[in-house]
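Have the structure open while you read.

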Amino acid sequence: MAIPTQYVATEVEQKWYDYWMKHNYFHSEPDEREPYTIVIPPPNVTGVLHMGHMLNNTIQDVLIRRARLQGKNACWVPGTDHASIATEAKVVAKLKEQGIDKNDLSREEFLKHAWDWTHEYGGVILEQLKKLGCSCDWDRTKFTMDDDMSEAVIKVFVDLYNKSMIYRGYRMVNWDPEAKTTLSDEEVIYEEKQGNLYYLNYKIEGSEDTLTIATTRPETIFGDTAICINPADERFTHLKGKKAIVPICGRVIPIIEDDYVDVEFGTGCLKVTPAHDENDKVLGDKHNLEVVDIFNEDATLNSYGLHFEGQDRFVVRKAITKELEETGALVKTEVHVNKVGTSERTKAVIEPRLSDQWFLKMEELVKPAIEAVLGEDNDIQLFPKKFENTYRHWMENIRDWNISRQLLWGQQIPAYYYGDGKEDFVVAETAEDALKLAVEKTGKANLKAEDLRQETDALDTWFSSWLWPMSVFDGIRNPENEDIKYYYPTNDLVTGPDILFFWVARMIIAGYEYKGERPFNNVYLTGLVRDKQRRKMSKSLGNSPDALKLIEEYSADGVRVGLLLSSAAGNDLLFDEALCQQGKGFGNKIWNAYRLIDGWDIDESIPQPESSKIALDWYASKFQKALTEIEDHFSKYRLSDALMAIYKLIMDDFSGWLLEIVKPAYQKPVDAATYKALIAAFEDNLKILHPFMPFLTEDIWHYIAERTPEEALIVAKWPEAKPVNETLIAEFDFASEVVSGIRNIRKEKNIAFKDAIGFSVINNGNTSTTFDAIIQKLGNLEAIEYVKEAVEGALTFRVKSNEYFVPMAGSIDVDAEIKKLTDELSYTEGFLRSVQKKLSNERFVSNAPEQVVASEKKKEADALAKIETLKASLASLQ
């Protein structure tokens, strides 16, 4: 079947994706082959494809398609994450539009709305990944809230609780007032923000004296339960044992002493608000201070805020400042920059809040995970290695993980309360098991299921996704099943450095705890996608292109190539649409290269020209050398470099040289031996390019020959490594310079290529004549004559020590050529004098950097060689 004139990506992409799906190429089952496994970093179930996903999943697809070509049993498990905070926020917003308040719904009613939302919008991103060409095993698609996945999460919680690693604690936590849930320390981003430092006067009870404190949060004075001074601070000796009165609310609070107070900081007097500051809580516990929580869960003030009750904390800050000023309590205000914690998910300013939460002890759990990445055996490799330092810092400074969230969407914590006390609970996988445990614990045989109340908190989303490499193969519930034994540990994990701790480190911890081994061998950390101005791509900046529109405009293959050409391993990707255009252009070049070959008539009777035979031998070695280079790049996860090596091989060596050499003369046939070898070389090109450009390569593959489904390119065989003939490559490089010299003369002298020209060589370097047939064909030479003396009346050029002559008689205006050469000689001699003057200056030579002197010496040598050639050309014309 003749190949069409143009490649129409929109038609081709759907056709081949349907074909791959129909023939089940993406599906994997355990067999005798070596497994190659990747688990997808599960995107948020409500997410849509953005540039970060495009890069990340293109890299994964390149790796999985290459493994498939290498004969491995490639398994890429897709899926989505239930994303507690983000999804619940969207469901709440949708309910609000319908006039429904989340708080008016039962848990079951809310979850029905959440599941409806998930079924409507969930999985959109997975469908979009298909447009990119992702060859995931869709039969294995998982969702972190699937019944089996949730069972695994609950099983792990119960197991860790029974090992005394999970506990319930009343702690100061990070509270997100927008999501109305606690966050772990890692989910808080600290940003420098400009605010104010407010100096406030507190009256001393029973006197006219005052003391001054400095605070960035005047609204929290309603929660003050003490003033603290340093016992060694002589300025405040007179305050010892006295009490202060909090402005506005009039609460009388003790003045306590503790050397925790820094005498150099602020005024030396510290207001203590145990409910709203972690350090104040420690101080409060030490001195048995009252704890006054002034905030509601949405960070509005409660009844302790008096007339400010129900108002937002930031609104109150402005209003209370004004009131403090009017009452004379505000002494002064200074501009102050401090670090403010914000929610990674909602961007809300975090409130420190005392709360009963569930925690996982990390100190012991983390040890095997530190050893795996940083130990001598280096069981898990991070690419690039620079991230090992980040990993070390996080892991060696780890704190207990706050795993409870005040949300409905997520796995409900399997703790069941049988009484009113904080410790009156049991932990079990099911309500039935919980009842049995509660009866045992209380000795009350008449306890019923309805007497138990399950904990309302849900588990942190990461507490489900940290099990992902195991739970997708049912390795928690059924640890000896065939899938987990075959596919685990997985091979490569491709993700962003922003979740190195959230997800990657925790998966490593879970892997060692539940399988006793690493969850993956290698972690490839991609960079962030930025625009040309180095700004992070975001909706708010409007600098993030629509992923699907890019595919529509430049083709999926073009976008994949564009992304990888702009992505150096581990560094941020500076995305430029021009690179997608380059990718599309590369595809068109390959398409047209095959169209050219496909248009030739084949003649079985004609012998193979020597030029074609040697060119094909050269390309075979050139291909093998590139293959070795590509394999090395893949081993170091330098996918952009691997793609660039393929790009140069096809654009320069195959299209630029090989096709030019073997191309038959106009309207003449090509010999069968050359055609057969050329098609084999082209097919090898398609195989190594297929992981990067799957649609285009598969399409051309089926135009080359009728193929059965077993012969499709997606399951073809990766080219085998063979010896490289370096001599042949070096000789060709030399010959190509000779051809370029001939072409330059033809161009400069306007000699039509159809006119054959004479050509002579003084072979001073004893250069091989292997490529003479190619030089003769590409230069359209009458013959190549080897001579001992310079040829009169000819133009010359040099390649290394060889001198080449092109007779010019009758072809050019000799007088005009003599003038041109004389002018060029005069300029070059002037240039040489200026360089030699510099080199004869001892001060310059002794003081200039070594590479600068070396550069000047090279300029001198080049100028001398050029002058010699110009003089020889002039001599031959005069």
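## Two cis prolines

Pro489 sits in the loop between helix 14 (482-487) and strand 22 (490-495). The model is a predicted one, and in it the peptide bond joining Tyr488 to Pro489 is cis, with omega at about 0°.

There's another cis bond to look at, this one between Phe383 and Pro384, where omega is about -5°. Pro384 also belongs to a loop, the one that runs between strand 15 (381-383) and helix 10 (387-396). As background, most peptide bonds are trans.

Most residues other than glycine have a negative phi. Which way does Ala83 go, positive or negative? Its phi is positive, at about 50°, even though Ala83 is no glycine. You'll find Ala83 in the loop between strand 3 (79-80) and helix 3 (84-97), and with a relative accessible area of 6% it is buried.

Asp474 is another non-glycine residue with a positive phi, here about 55°. Its loop lies between helix 13 (468-471) and helix 14. Asp474 has 18% relative accessibility, so it counts as buried, the cut-off being under 20%.

## Cysteines without partners

How many disulfides does the model have? The count is zero. A disulfide is a covalent bond between the sulfur atoms of two cysteines, and to be counted here the two sulfurs must be within 2.5 Å. Take Cys134: the closest cysteine sulfur belongs to Cys136 and is 5.3 Å away, so the pair is too far apart for a bond. Cys134 is buried, at a relative accessible area of 0%.

Cys580 is in no disulfide either; for this residue the nearest cysteine sulfur is that of Cys134, 15 Å away. Cys580 is buried as well, with a relative accessible area of 0%.

## Helix 19 and its packing partners

Two packed helices are described by the angle between their axes and the distance between the axes. Start with helix 19 (residues 610-635) and helix 23 (residues 726-748), which pack at about 115° with their axes 9 Å apart. On the helix 19 side, the contact uses Ile614, Asp617, Trp618, Ser621, Lys622 and Lys625, while helix 23 brings in Glu726, Leu728, Ile729 and Phe732. Sorted by type, the residues in this contact of helix 19 with helix 23 are five nonpolar, one polar and four charged.

Now turn to helix 20 (residues 639-662). Helix 19 packs against helix 20 at an angle of about 175°, and the axes are 9 Å apart. Parallel or antiparallel? Helix 19 is roughly antiparallel to helix 20, because the angle is over 145 degrees. The contact of helix 19 with helix 20 has 18 nonpolar residues, along with three polar and four charged ones.

## Tyr417 and its contacts

Tyr417 is part of strand 18 (residues 415-417), and at 7% relative accessibility it counts as buried. Which residues does Tyr417 touch, setting aside those up to four places away in sequence? The list runs to Arg168, Trp358, Lys422, Asp424, Phe425, Asp451, Leu452, Arg453 and Glu455.

Along the chain, Tyr417 and Glu455 are 38 residues apart, and their C-alpha atoms are separated by 7.2 Å.

## Two loop residues

Is Thr273 buried or exposed? Its relative accessibility is 3%, so Thr273 counts as buried. The residue lies in the loop between strand 12 (269-272) and helix 7 (278-286). Leaving out neighbours within four places in sequence, Thr273 is in contact with Thr220, Gly223, Asp224 and Asp280.

Glu376 is in a loop too, between helix 9 (367-374) and strand 15. Its relative accessibility is 81%, and therefore Glu376 counts as exposed.

Conventions
Residues are numbered from 1 along each chain as its sequence is written. This is a predicted model: local features need pLDDT of at least 70, side-chain atom pairs count only at pLDDT 80 or more; totals for chains, interfaces and linings use all residues. Side-chain values use heavy atoms; hydrogens and water are left out. Buried means under 20% relative accessible area, exposed over 50%, partly exposed in between (1.4 Å probe, protein chains only). Axes are lines fitted to C-alpha atoms, for helices over the stretch in contact, and angles run from 0 to 180 degrees between N-to-C directions. Helices (H or I, at least four residues) and strands (E, at least two) are DSSP runs, numbered from the N terminus. Contact means heavy atoms within 4.5 Å. Ala, Val, Leu, Ile, Met, Phe, Trp, Tyr, Cys and Pro count as nonpolar, Asp, Glu, Lys and Arg as charged, and the others, Gly among them, as polar. Angles under 35 degrees count as roughly parallel, over 145 as roughly antiparallel, 65 to 115 as roughly perpendicular and the rest as oblique.
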